[in-house]
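Here is a friendly walk through one protein model, meant to be read with the structure open beside you. Take a look at it first, and then we will go through two parts of it together.

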Amino acid sequence: MYYALNEGTEEPFFYTKNSVIIEMNNEFINFTGYSRDELIGKSLLKIGYMLRIDSKFSLENIKNGCGFYIFTKEYDERWVSITCKTLEIENEKVYFFKEKTNLRIENKFSIINKLLLDNNVGVAIYNVPNLTLLKANQYYLNLLGKPYNTKETAIGKKASDFIYLWENSEWKEIVTNVINTGQSFLRKEMKEYNQNWKELYIDGNIIPVIEKGKVKYIVLIGEDVTEKVLLRKSSQEQAKIINKQKEKLEIIMENMFDGLFVIDKHYKYTLLNNSAREFMFNFHPLKSVGDSLSYIKYYDSLGNLIPVKELPITKVLKGEKVKEFRITCGMKDEMHNFDISGSPIYDNKGDFDSGIIIVRNVTDKIKAEENRLLKTQLNFFNNMIANLKVGFVRYSYPEYKIIEINNKTYDDLKQINPGVGNVLSIIGKNLFSAFNFTKDEEAEFRKNIQNIVDKKVNSNFNYHKFYLSGEERFLKLIHQPLVGINGKAVEIIDISTDITDEVKAKNEMKKIFQIHEELFANVSHELKTPLNVIFSTNQLMELYLKKGLVEVNKEKVFRDVDIIKQNCYRLTKLINNIVDLSKIESGFFKLNLSNENIVEVTENIVQSVSEYIKRKEINIIFDTNTEEKIIACDPEKIERIILNLISNAIKFSNSGGSIFVNVLDKGGIVEISVEDTGIGIEKKYLDNIFGRFQQVDKSLSRNVEGSGIGLSLVKSIVEMHGGKISVASEVGKGSIFKVELPARIIKSSKAIEKNKQINNKIQMINVEFSDIYSI
Ligand code: ADP
């Protein structure tokens with residue numbers, strides 16, 4: 001089908017047949033921006049949609065001459081009046097579009113156009129009263145949010161499409177107000193929700209465009225300040241939080257257990273929390289750092305004074321960090337321990353601003369640790385003591401107050417100080433008063449302990465003498481200091497052992513050594529005497545031999561030989577005695593027991609010496625109340641005893657004197673007595689003459705020869721037989737020595753060779769009598 005198109009017609013138009021576009025002129029194509037192909041075949045409904053004609057209007061039933069906004073393909077608004085002509089051909093129509101070009105916004109409002117191009121704020125123009133969005137830049141579309149964030153979806157739509165529940169919205173009110181009053185609207189930071197319910201803050205401005213006294217358009221200018229607002233809000237929020245935290249922190253700081261000190265660069269305290277104030281004002285109100293140092297001395301854990309320059313506070317003020325520096329200082333007469341940490345704080349420029357010191361009182365913790373430490377040490381000692389069964393006392397140092405005492409020590413203590421209470425009542429008492437120390441003893445004791453604690457002495461031994469029921473006793477004390485955390489002694493443990501026996505034995509030994517010394521002084525004299533005699537006699541004999549005078553001096557030579565012989569015996573006796581003495585001392589002196597008739601043994605020995613004694617013009621008389629008394633004895637040793645006693649009796653008798661030797665059977669006992677009528681012994685010496693190794697009175701012993709060993713040997717031998725020896729004497733009248741031997745017998749006894757016995761006896765007499773001057 002053909003249509004004659006009016007070429008050169010300025011008005012754009014299109015044809016429809018059955019409401020479908022079948023042709024259009026070029027002006028229409030140019031006017032709308034759509035291509036022919038895009039347009040041909042489209043229904044009127046579709047074209048209305050493409051041209052964004054208000055949906056209220058339908059091209060189908062259009063009233064001629066009506067004005068509309070249509071939009072080009074590029075979304076430019078065009079105000080047109082549309083005229084529809086029905087053609088003769090069936091169902092064909094032609095629609096003419098006549099534009100009022102003076103209404104184009106780009107021409108009318110060049111400023112707004114510029115604004116639209118500038119995408120720094122959102123700009124939109126709506127017409128009034130329909131409130132159709134005619135133009136908008138992307139910024140504005142973004143504010144609308146999806147799905148209206150593109151021109152395609154937003155241009156030509158109405159404000160009511162964009163705003164949720166438009167009819168009741170604040171926006172409708174605002175816009176209506178602008179339209180009615182012609183006054184622009186400005187509001188900062190309007191809270192909005194876009195299509196996606198995203199919270200937005202917009203600085204909004206609605207400007208009415210008035211033409212002929214009527215608002216024809218409204219221009220919306222909106223700036224998204226969400227970020228700014230939220231940032232501000234969050235920083236305000238943050239500030240609030242910070243403030244709250246600060247308050248909280250201040251409360252915490254104020255009430256924290258640790259002392260908190262802040263010191264400025266002028267060395268003044270700028271902040272002290274509660275604990276810090278307590279710490280400080282326990283002494284004096286302190287204003288600056290140095291103040292405390294004049295009142296408090298600080299020590300390290302070993303008790304050394306910390307110099308001011310080493311103190312944590314000094315270090316922090318010098319810019320150093322300090323971590324848990326342990327100090328000890330005296331507060332209210334008590335020692336306290338603190339762990340100090342600190343850190344310097346610098347300002348923005350990096351200059352020292354202030355120092356923060358945190359002081360933690362660890363006294364209790366340390367005490368607990370100390371107790372634990374002491375307990376461990378104590379457990380160890382307790383176990384030791386339980387096993388050793390020795391005395392044990394624990395006391396505080398330097399107070400010397402008893403803390404613990406074991407049964408052994410308590411038993412001793414009760415004997416030393418019977419008035420002392422029970423174990424419990426002693427606890428806490430002063431050690432020295434409990435143990436009845438004298439002032440001097442106490443001073444001495446304290447000095448010793450002090451030396452041990454100060455490690456001035458290596459050994460921690462000490463001796464203490466005391467009296468138990470009048471008996472002198474000695475304790476050996478081991479002092480063991482128990483050391484606290486700071487390395488100082490806080491308690492002492494004394495472990496005591498009774499060493500009375502050892503001390504006595506030691507004293508005895510001392511005496512023995514003394515006696516030995518004197519004895520050997522005597523012995524050396526005794527040795528020299530016979531040796532000198534032997535030597536000089538020998539010289540004399542040599543002289544006779546050399547000069548051939550032996551025959552002439554025959555008698556003298558015999559005498560000299562006798563003298564030499566006798567002095568050899570004397571030497572033998574002496575040596576025998578010394579050997580026996582040593583044997584007895586060391587326990588090697590043994591008896592050779594056999595069952596013997598003691599009467600016979602005694603009588604025989606008396607007979608053996610009687611010849612000898614006669615020469616001395618002394619009588620010897622033997623008597624007995626029995627003829628036979630068999631007892632177990634070492635006959636050789638018994639003979640020596642009797643010989644020794646007779647030898648003494650001879651030595652200390654003058655010629656014409658008598659010696660009585662008696663054997664008395666007293667049943668269970670046999671008594672052998674040797675009595676003389678000699679010079680006697682002074683009473684004061686009587687107790688001493690048997691004393692083992694006792695020095696005999698020199699004035700007596702030197703009158704006659706003798707080593708002074710004889711009687712002590714006699715006593716030892718008698719005692720080894722289970723017997724006793726005693727003496728009675730009167731000066732000038734004589735002495736009597738009595739030996740009592742138990743009358744026992746043994747089961748088996750060896751027969752002693754008689755011959756050997758006789759030879760031995762003569763030899764023995766010679767030896768035993770060797771110190772009697774006979775030549
Ligand atoms: P010594 O070998 O010197 O005789 P003793 O031990 O036998 O030593 O005797 C000790 C001392 O006892 C003698 O030195 C003497 O002073 C005194 N004494 C011993 N027996 C008698 C006595 N029968 N008469 C007087 N004094 C005696």
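This is a predicted model: local features need pLDDT of at least 70, side-chain atom pairs count only at pLDDT 80 or more; totals for chains, interfaces and linings use all residues.

Helix α25 (residues 710-720) is largely enclosed by the rest of the structure, because eight of its eleven residues are buried. Strand β11 (residues 259-264) is likewise largely enclosed, since six of its six residues are buried.

**How α20 and α25 pack**

- Two packed helices are described by the angle between their axes and the distance between the axes.
- For helix α20 (residues 554-586) and helix α25 (residues 710-720), the axes come within 11 Å and cross at roughly 45°.
- The crossing of α20 past α25 is left-handed.
- On the α20 side, Asn577, Asp580, Leu581 and Ile584 make the contact, and they meet Ser712, Leu713 and Ser716 of α25.
- Sorted by class, this contact has three nonpolar, three polar and one charged residues.
- An α-helix has 3.6 residues a turn, so residues three or four places apart point the same way.

- The buried residues of α25 are Gly710, Leu711, Ser712, Leu713, Val714, Ser716, Ile717 and Val718.
- Their cover includes α20, α22 (635-651), β27 (724-730) and β28 (734-742).
- After α25 comes Gly722, which has a positive phi near 85°.

**Strand β11, covered on both faces**

- In a regular strand the side chains alternate between the two faces of the sheet.
- On one side of β11 sit Gly259, Phe261 and Ile263, and on the other Leu260, Val262 and Asp264; all of them are buried, so both faces are covered.

**Partners of β11**

- Strand β16 (residues 352-361) pairs with β11 in the antiparallel sense, over six bridges.
- Within that pairing, Val262 stands opposite Ile356 of β16.
- Strand β12 (residues 269-272) also runs antiparallel to β11, and three bridges join the two.
- Here Phe261 stands opposite Leu272 of β12.
- The hairpin of β11 and β12 has four residues between the strands, and in it Tyr267 takes a positive phi near 65°.

Key. Residues are numbered from 1 along each chain as its sequence is written. Side-chain values use heavy atoms; hydrogens and water are left out. Axes are lines fitted to C-alpha atoms, for helices over the stretch in contact, and angles run from 0 to 180 degrees between N-to-C directions. A crossing is left-handed if the near helix is turned anticlockwise from the far one by less than a right angle, and right-handed if clockwise. Contact means heavy atoms within 4.5 Å. Ala, Val, Leu, Ile, Met, Phe, Trp, Tyr, Cys and Pro count as nonpolar, Asp, Glu, Lys and Arg as charged, and the others, Gly among them, as polar. Buried means under 20% relative accessible area, exposed over 50%, partly exposed in between (1.4 Å probe, protein chains only). Two strands pair if DSSP finds at least two bridges between them.
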